[in-house]
Amino acid sequence: LNSTQNHNILRHKFSQFASIPTTSLRSAAAAPAPAAISDEAVANLTAMGFVESECRAALTAAQGNPAIAVEYLMSGMIPDPPAAPAP
């Protein structure tokens, strides 16, 4: 197969995706939906001696994952949460 034939085969194979607007694909991949922060996770982290506001910030940055939030809190470096996608 030459490169033109390869291109035509791939174009045909992936033509089903042509109707999906690429902007919606980019925005979906760029910013995951914010995870819900459970009161139980906040309570567990504050019971360890961390400040509630820092616990919420760490959980938000960790997308609700308490294990990652603890790593952020222990290091003292809580990253900013992902930016909300533009409308």
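Student: What do the side chains of R56 and D39 meet in?
Tutor: A salt bridge, with an N to O distance of 3.7 Å. This is a predicted model, and the distance is computed from it.

Student: Where do R56 and D39 sit in the chain?
Tutor: R56 is in helix 4, residues 52-61. D39 is in helix 3, residues 39-47.

Student: Is D39 buried or exposed?
Tutor: D39 is exposed, at a relative accessible area of 58%, because the cut-off for exposed is over 50%.

Student: And R56, what's its relative accessible area?
Tutor: R56 comes out at 33%, so it is classed as partly exposed, between the 20% and 50% limits.

Student: OK, other contacts. What about E52 and R56, how far N to O?
Tutor: 3.1 Å, and their side chains also meet in a salt bridge.

Student: Which helix are E52 and R56 in?
Tutor: Both lie in helix 4. They are four residues apart, about one turn of the helix.

Student: What is the relative accessibility of E52?
Tutor: 43%, which counts as partly exposed.

Student: How many salt bridges does that make by this rule?
Tutor: The count is two.

Student: Which residues are linked in a network?
Tutor: D39, E52 and R56 are linked in a network of salt bridges. R56 pairs with D39 and with E52.

How values were computed
Residues are numbered from 1 along each chain as its sequence is written. This is a predicted model: local features need pLDDT of at least 70, side-chain atom pairs count only at pLDDT 80 or more; totals for chains, interfaces and linings use all residues. Side-chain values use heavy atoms; hydrogens and water are left out. A salt bridge is a side-chain nitrogen of Lys or Arg within 4 Å of a carboxyl oxygen of Asp or Glu. Helices (H or I, at least four residues) and strands (E, at least two) are DSSP runs, numbered from the N terminus. Buried means under 20% relative accessible area, exposed over 50%, partly exposed in between (1.4 Å probe, protein chains only).
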